[in-house]
Amino acid sequence: MKYFEWLPPEGAQILFVLFLSFLIGLEREERKATDDRFAFGGVRTFPLIGLVGYSMAVLSGGELAPQALGFAVVAGFLLMAYWHRLASSGYSGVTSEMSGLATYLVGALVYREMFWIATTLTVSSILLLELKSRLEELAKRIEPTDILTLGKFLLLSAVILPLLPNTQFGHFQINPFRTWLVVVAVSAVSYGSYVLQRLAKGQGGVLLASVLGGAYSSTVTTVALARRSVTEEQAHLFSGGILIASGVMYLRLAILLALFNQELMNRLALPFVGLAALAIGVGWLWSRRKETDAAVESKAIEPKNPLEISAALLFALLFVAMLVATHLAVEYLGNRGVYTLAAIMGVTDVDPFIMGMTQSAPTLTPLQTASSAILIAASSNNVVKGVYALALASRPTGVQSLCLLLGLAALGLVPLFW
């Protein structure tokens with residue numbers, strides 16, 4: 001309030017209350033004039049409510065009990081206005097009444113010099129009031145399963161994670177908090193991809209599905225595209241999309257490495273970004289090639305829900321198992337044992353193994369060994385995806401996908417030589 005030094009402190013606060021409450025009243029006045037003539041209040045009523053809230057705070061000396069009593073009195077008047085409107089029009093919305101209560105709180109907050117909170121409350125109220133139609137349209141677009149998925153993600157990240165101890169246990173130094181943090185990070189990337197696919201609503205076709213699906217799981221995307229290619233004669237499009245998904249996989253792994261092990265990220269950033277750019281670029285160019293036969297229009301690929309509690313628990317168990325297996329491999333088999341384990345894990349899901357490497361390097365596994373093992377696991381996974389495509393896709397799509405993924409797997413091993 002330094003801009004109003006010529007005024008008494010209380011005068012500056014009153015002007016601020018009038019300004020904030022007037023903004024809310026202006027929005028309500030506009031709404032009442034356009035499509036809701038039964039709406040409560042406007043440019044005079046809301047500033048008065050704000051002044052009442054400020055005056056009660058001043059008279060009570062900041063005590064909460066009198067302010068709460070004033071809040072209850074204002075709520076009573078708003079309840080009377082709501083009953084009157086309900087009897088007159090049958091309209092049962094209480095948005096204006098709730099904004100009136102928020103305006104009362106704005107006056108009390110300004111008295112306590114909580115100017116940032118008062119301003120944020122005002123701006124948030126105006127946005128919620130003004131964006132009514134858009135928010136209602138958004139609510140109609142969101143399906144119950146999407147809300148359930150968001151609830152599962154919040155359960156994983158905001159409920160379970162803070163309860164776990166951030167200490168190491170046992171001979172293998174298992175940290176429950178960091179273990180579940182890895183689960184949350186992988187789930188967050190998958191969930192973000194799922195949300196983008198849901199918002200896209202099938203727009204963008206196979207290539208967009210390849211990019212977003214690769215951020216979730218390139219293996220799942222490969223299987224989905226391979227099966228779709230059986231009914232749609234677009235071999236170049238689907239094989240190029242499969243290669244793009246594998247390219248995005250390298251970007252996803254780079255993000256996870258950056259979050260959990262900066263030293264490994266420094267070693268693998270250049271090859272991972274290079275492989276991702278090459279795979280995405282070649283995949284896009286390959287998908288643009290014309291088909292020899294007439295192609296039918298590609299349908300949208302419906303994303304699958306990536307968040308299941310059972311899947312999260314399985315990932316956590318696999319992650320712990322990979323930590324233990326890596327520890328035993330280093331202790332009894334040396335680097336070759338780690339490399340063999342990496343090649344084997346590429347057959348299934350590489351994420352638990354690679355995230356295990358981020359936790360074991362460099363204390364347990366040397367950085368060079370860990371970075372080499374990650375490259376081997378990623379290349380092994382590309383080979384397996386090529387085999388999946390050959391087995392599940394149409395013959396042209398399967399052959400092309402296998403050749404492209406074998407080439408990407410070979411290039412993924414090139415950094416091992418330096």
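The buried residues of helix 7 are Asp146, Thr149, Lys152, Phe153, Leu156 and Ser157, where buried denotes under 20% relative accessible area, exposed over 50% and partly exposed in between (1.4 Å probe, protein chains only). An α-helix has 3.6 residues a turn, so residues three or four places apart point the same way. The model is predicted, with pLDDT of at least 70 required for local features and 80 or more for side-chain atom pairs, while totals for chains, interfaces and linings use all residues. Residues are numbered from 1 along each chain as its sequence is written, and side-chain values use heavy atoms, without hydrogens and water.

Helices (H or I, at least four residues) and strands (E, at least two) are DSSP runs numbered from the N terminus. Helix 7 covers residues 144-160, and its end C-alpha atoms are 23 Å apart.

Ser287 lies in helix 12 (residues 262-287) and counts as buried because its relative accessibility is 10%. Beyond neighbours within four places in sequence, Ser287 is in contact (heavy atoms within 4.5 Å) with Leu207, His236, Leu237 and Gly240.

Ser380 belongs to helix 15 (residues 367-392). With 14% relative accessibility, Ser380 is likewise classed as buried. Apart from neighbours within four places in sequence, Ser380 is in contact with Ala342, Ala343, Gly346 and Val347.

Note on methods
The expected span of a helix is 1.5 Å times one less than its number of residues.
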